[in-house]
Amino acid sequence: MATIVELPRLSDTMEEGVIAKWHIAEGDKVKRGQVIADIETDKATMEYESFDAGTVLKIVASEGDTHPIGTPIAVLGKPGEDFEEALAGAGGGSKAKAEPEPQEEPESTEEPEPESTEEPESTQEPEPEPAAPSSDADDRVAASPLARRLAHEAGIALSTIEGSGPHGRVIKADVDAAIEGGGGGGTGTVSDGERTFVTRPDTPMKLSQMRKTIARRMGESNAEIPHFYLTIDLDMAGAVAMRTQLKAALPDVKISYNDMVILAVAKALQKHPEVNAYWDGKTIVRRGDIHVGMAVAVDEGLIVPPVRHTEQRTLSEVAGITRSLGTRARDKKLPPDEMTGSTFTVSNLGMFGIEQFLAVINPGEGAILAVGAIRDEAVVVDGALQPGKRMRVNLACDHRVMDGAVGAQFLVTLRGYLEQPLAMLA
Amino acid sequence: MPILQIREALREAIDEEMERDDRVFVMGEEVGYYNGAYKVTQGLLEKYGEQRVVDTPIAEAGFAGVGVGAAMAGLRPIIEFMTFNFSAVAFDQILNNAAKLRHLSGGQFTIPMVFRGPNAAAHMLSSTHSQAFESFYCGFPGVKVVSVATPYDAKGLLKSAIRDDNPIIFFESEVMYGVKGEVPEGEYLIPIGQADIKRPGSQVTVITWGQGVPITLEAAKMAEESGIDCEVIDLLTLRPLDRDAILQSVKKTNRAVLAYHGWPYGGTGAEVADLIAREAFYDLDAPVERVCYEDINFSYAENLEELAIPSPKQIFDAIAKVAYHSL
Amino acid sequence: MTSTIPSTQAPDKDEVARVFKEMLRIRRFEELASRAYTQGKISGFLHLYIGQEAIAVATADLMKDGDRVVTTYRDHGFAISLGCDPGACMAELFGKKDGLVGGVGGSMHFFDKDKGLWGGYAIVGGHLPVAAGHAFASKYLKDDAVTLCFLGEGAMHIGATHEGMHLAGLWKLPVVFVIENNQYAMGTPLKRQTLVDDLTVRAPAYRMTSDRWEVNDIFETRRRLAEAVERARKDHQPALIELLTYRFRGHSMSDPAKYRTKDEVEGWRKKDPLYRAEQRLRDDHGFDDEAIESIDDAVVDEMQAAVDFADASPQPDPEHRFRHHLVEDV
């Protein structure tokens, strides 16, 4: 009996994936555990190892194609075996996904995910959505192969182009017109009578899976979660001094301020479990574990890998984990289980000199901390001016989960840890 | 440059090759005393005598097979079918002997011979005499298949065919023997396996051969008047295909139309369409169109035959369709 | 078909006049077809039967119900003699809707099953095995029918001919193969097609009886053909008959027939059965010019009416081209 290889679900938010590369060809023999394809999920490009052994009877999905989870992508079996029936019967892969199994529905929120600021991110969804075939509009657009290729090369979504061919088929001329600006002649000039200005057209972009996920989840977050924001200015002189000491004492361990923030957040969450919580649609769910996620910018967007059980770790442990996560995330080498599962997110734009910003809560969490840069500025101590190290953080909170005082108390505790960092190490 | 009819160009090719190589001979019905049913072999009997210009009884299987045997023994036969419709009688000799004996003998034998004659529908001859045989003869290995539509190509390719050491199926056209064109004086050869761009263009590739060539050029002219710039490729050799010429053009124009005398089911038209679909898929801006015979046995009645054969207008319509040109 | 059993008695005046008229019908039909071809009303290949009419008329006379004629692309004569409507025949040549086969076949492919015309075949020799197959069915079905299969002498050299004859002899099928030796296979005279003078020498090899004569007298032709046919019917004894005849026109309309001399043609004209029947009417039965002309006028009127009918017939319905490729294609 032929085995249908279906597009695997390689992340908990993955609804569809792209065959980035096939490592096998029709006729090849495949062993169990052999890497057969690279699959681009909404998060990363994953190596996909075969669960089954056999000869590759057919490659169903081509490189570059987008398919919903469960779509047959290849067939394994014995050489010469008739697989058409099996293949026909397997079409349900995507259909099965279109109707999530009931028991999965409530649980799917169990690992809600952190979020960051302007860079949204996604991981786990409170409500798993069916991998509706229509989710990738481009696959449903009638387009000539050339138009499809040209649009892809230009980074334009076919679904944004109006087709002028038979039955609305998008053809080369339409893509050309879109590239040039809706057929209006593309880059050109306009004049107000005195001066002439160059005009350039808008360009609809082809979205990566990650960008699509971010767009969707951040839209949901902003629309559904009633955010409120609390800002506090922290004295970081103690933290700076401690980091200098640690650097000297432990030259092999590179500890960043962000590591200190992450650990401080974890310790504060331990004291304020009402902040380590989220709204599941009906009620507040308090998380048992503390997994502080760190927003990491990658090429196509950002992801939020968690430092698991953060509050139980030492600062140097945290530092080691964040370094490893950051490096692998940027190399697209992070497996899905390391990318998801945060219960609170820390987003830090201090390295860009951003003093303060407001972040959007990652659905599945109750708050997010936006961390600004450490500033050198004059501060008044005991009535006298002296040089100081200050850092502003902003906490965005889900008002359904907590009120202003709860958030404020959390920030006060956090301030305690960061201004007297030795307390974290106690 | 001298202007010759296709029949004269073919005759020059045969004449020159017979002059050049005394192993070359012509055999077929009415090729000698009658001077050829279509006058291709006119005067050759007088010049070369009965040994080398051989009239046969009506015995296609016989003289096709004799040609195969003679070729194996070192001669270079040109076997004329009065029409390729009659080659059906000799099909076994071509399929099972000419095309296979080199392979079967492990390369001991070569079969240097040409089967030539008119192919495809002429005018009101009904079903048994109106058949295009390219799909049959291109459908198996061991032969090369050539189809010509101009005097220049006819001469240059027939000479190459005669010199080729393989069995060559060489298609001419009953209705095109009188077509005139320039043929250079002196020796020249056109390599088998190379297509010819009969009309360069940038917007639509129209691939054709044989009797399809003149009607396609006419359609290209109609297209030009409508602002569509067509490139017309005459395949000339139907097997092996000049893949590069086809793909290069389609990658340039992004559109392809096949226009030819032949049935739609299988055959060279389907093969070329398949090639384009596989090798130039992402260069296509429109589905490949095919304009060819209707999938029916031909009728004698003029109006019914006309409907079954591709017309310049139909080809033009296909060109306009792939160019998304609204009419 | 008239199923007149030919007798050995001398034909009477009416019978001579009848066969004269029947042969003349074919000749006039062919002449009008020839003219229509020159007027562009007929296209493709047009092979005329002028000179060979006696064979078709004699054949029609001796056939019984269920007997069949299978012939070559030179098939108009049999259609006329077997009683096909001349208008339908001419309309077929014109490619018209009211043609014998609706305009799809043209000159080379006449069929009228009910009249016993089981086909004009355009590929030389291809019809001999088919004719043997009809005879096979007759024997199988015990229907007492005989198949008369006509071929040109040029067809004696193609493979299918010999396979068909061989099987007919091997299985003793009720079929009579009749070679209409009109001396030329297109432009090739017999002596350059074969080294035998007598084509029936092949018959013994296939265990067929044989007969051979020059077709000068239609009555003799009818009688001798009938003998072979009845032997085939009663004894399932196939036969090979060679009829020496002559076509006065070229192979087809486009053939200038330069391969033969005027003298040769004139020699055969004197032996033309139609001419001889006319002479017999004049010499033995007192027909004068007026009597002959009155027959001729009637025939010309009939055949001109056929031309008029064909002229008036519309072209086939365009949709007709999709019909009959398979049984389902009604």
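This is a predicted model: local features need pLDDT of at least 70, side-chain atom pairs count only at pLDDT 80 or more; totals for chains, interfaces and linings use all residues.
1. Two strands pair if DSSP finds at least two bridges between them.

2. In chain A, strand 6 (residues 54-59) and strand 8 are joined by four bridges and run in the antiparallel sense. Within this pairing, A:Thr55 stands opposite A:Gly77 of strand 8.

3. Strand 8 of chain A also pairs with strand 1 (residues 3-6) of chain A, again in the antiparallel sense and over four bridges. Here A:Glu6 has A:Pro72, in strand 8, as its bridge partner.

4. Why is strand 8 (residues 72-77) of chain A largely enclosed by the rest of the structure? Five of its six residues are buried, so the strand is largely enclosed. A residue is counted as buried if 20 or more other C-beta atoms lie within 10 Å of its own.

5. The contact between chains A and B takes 10 residues from chain A and eight residues from chain B. On the chain A side, helix 5 (145-154) and helix 6 (172-180) each give two or more residues. Helix 5 of chain A supplies the largest share, four residues. By class, this side of chain A has five nonpolar, three polar and two charged residues.

6. Between chains B and C, 28 residues of chain B are in contact with 33 residues of chain C. On the chain B side, the elements giving two or more residues are helix 3 (60-72) and helix 11 (302-308). The largest share, five residues, comes from helix 11 of chain B. This side of chain B comprises 16 nonpolar, eight polar and four charged residues.

How values were computed. Residues are numbered from 1 along each chain as its sequence is written. Chains are lettered from A and ligands numbered from 1 in the order in which they are written. Two residues are in contact if their C-beta atoms, placed from the backbone, lie within 7 Å. Ala, Val, Leu, Ile, Met, Phe, Trp, Tyr, Cys and Pro count as nonpolar, Asp, Glu, Lys and Arg as charged, and the others, Gly among them, as polar. A residue is buried if 20 or more other C-beta atoms lie within 10 Å of its own, exposed if 12 or fewer, and partly exposed in between; C-beta atoms are placed from the backbone.
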